[in-house]
Amino acid sequence: MIIKSIKLTNFRNHSSYTLECQDETSLILGANGYGKTSVLEAIYILTRGKSFRATDPDIIKRGTEYYRIELEYASGEQTVVTYDGKTKTFIILDKKSKRLPKKQKYPVILFQPSDLNLISHSPGRRRTYFDHIFSEFDENYATSLSKYEKALKQRNELLKNDFISKDALFSWNILLAKYGTILHNLRQKFIQEINQQLTTTYRSISENQDEVFINYHSDLDIVSETIYLEKLEHSFERDSYLGHTSFGIHRDDYIFEFNHKVADGSASRGETRSIVLALKFIEANLLYQKTHKKPIILLDDVFSELDETRRKSLIKNFKHNQVIITSVESID
């Protein structure tokens, strides 16, 4: 057991709610609209520092002025967060902070029904998915991504002006080239680590000899800050016309291949779900290798989306983790 209990006050549709966790698997049972996902959201806020769903003003229960979450770990340590409509405050050992301190963060694997459609989602959805995973793996990735996105936003704002010069974009080009190169190299590294385990993990679920591979697609073929900068400057005329940055790692994609064909279209519904399950198992394994902590597993109503074979695989692969499940029906 990692988490002992969590208490919610004025959080979403909960005036007051307490979950006492079990040693291994805890089940939150209730109909749609009961607020099951909100409990997972609260756990995520106190283990990762922010919501995976919304901003703080959207979380406060309607008609109230604040929310509060209290989480107690099995060790006895407590983490509290409050939000009064203006300021979020984390309280740990009587010390207050506007952000959850790095040393208080705990690795979490969040699995939602929408993740099962990852292969057929848009490139932007896949980028967001892998950006989240890689940020969990590497703090440098998270920092570089944040700086890249801020520079990209500033460059795009300037490109909306009718009379913009190359020189006005130069400082932002420098930042995009610097952090874009870092992100590209880390994406290649992490995808390679995932691919090394992907087929084997998939076969452990499907019990066949199919092959699975993730092909990382990028605008960059040869990677260096100098080349990145040259390409940004070369695209100035086009970008000025379009009003946004047309080149860069923000256009990357991750193409899933199944038996050497694009999985979206060639793999069946069951096969694509097995691929995503395999990806989740690898994510948990790599997180453990990099953090030396067994991640908490939050499963948000995914059992209803899986057949019996894949349910058993999910239970088997996460049997050594603390698992918290939401469901509309009992799980045998």
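Buried means under 20% relative accessible area. Keep that cut-off at hand for this tour of a predicted model.

**Stop 1: Ser5**

Select Ser5 in strand β1. Its relative accessible area is 11%, so Ser5 is buried. Now show what surrounds Ser5. Beyond its neighbours within four places in sequence, Ser5 is in contact with Leu19, Glu20 and Cys21, and also with Glu70, Leu71 and Glu72.

**Stop 2: Arg12**

Follow the chain to the loop between β1 (3-11) and β2 (14-20), where Arg12 lies. Check its backbone torsion. Arg12 is not a glycine, yet its phi is positive, at about 55 degrees. Most residues other than glycine have a negative phi.

**Stop 3: Ser26**

Next, pick Ser26 in strand β3 (residues 25-29). With a relative accessible area of 2%, Ser26 is buried. A polar atom of the Ser26 side chain sits 2.8 Å from the backbone nitrogen of Gln22. Setting aside neighbours within four places in sequence, show the contacts of Ser26: Cys21, Val323, Ile324 and Ile325.

**Stop 4: Leu93**

Jump to the loop between β6 (88-92) and β7, and select Leu93. Is Leu93 buried or exposed? Its relative accessibility is 68%, so Leu93 counts as exposed. Look at the backbone too: phi of Leu93 is near 55 degrees, a positive value in a residue other than glycine.

**Stop 5: Tyr106**

Move on to the loop between β7 (95-97) and β8 (108-111), where Tyr106 has its place. Tyr106 counts as buried, at 14% relative accessibility. Which backbone oxygen does the side chain of Tyr106 reach? That of Lys294, at 2.8 Å. Now widen the selection. Leaving out neighbours within four places in sequence, Tyr106 is in contact with Ile2, Thr47, Arg48 and Tyr73, and with the run Lys293, Lys294, Pro295 and Ile296. Ile2 is 104 residues from Tyr106 in sequence, but their C-alpha atoms are 9.6 Å apart in space.

**Stop 6**

From α3, select Tyr129, Phe130, Ile133, Glu136 and Phe137. They meet Leu279, Lys280, Glu283, Leu286, Leu287 and Lys290 in α9. Colour the contact of α3 with α9 by class: seven residues are nonpolar, four are charged and none is polar.

**Stop 7: the cores**

Along with Phe134 and Leu314, Phe130 touches the most other members of the largest nonpolar core, which has 59 residues. Helix α5 (residues 166-206) gives the most to this core: 11 residues. In soluble globular proteins, nonpolar side chains tend to be buried together.

Centre on Phe134. Apart from neighbours within four places in sequence, Phe134 is in contact with Tyr141, Arg187, Phe190, Ile191, Ile194 and Tyr254. Last, select Ile3, Ile28, Ile296 and Ile324. They are among the 33 residues of another core, which lies apart from the largest one.

Notes. Residues numbered from 1 in each chain as written. Predicted model: local features only at pLDDT ≥ 70, side-chain atom pairs only at ≥ 80, totals over all residues. Heavy atoms only, no water. Core = buried A, V, L, I, M, F, W, Y, C linked by side-chain atoms within 4.5 Å. Buried < 20%, exposed > 50% of the residue type's maximum accessible area, 1.4 Å probe, protein only. Helix = DSSP H or I, 4+ residues; strand = E, 2+ residues; numbered from the N terminus. Contact = heavy atoms within 4.5 Å. Nonpolar A, V, L, I, M, F, W, Y, C, P; charged D, E, K, R; others polar. Polar contact = N/O pair within 3.5 Å; in protein donor to acceptor, adjacent residues only side chain to side chain.
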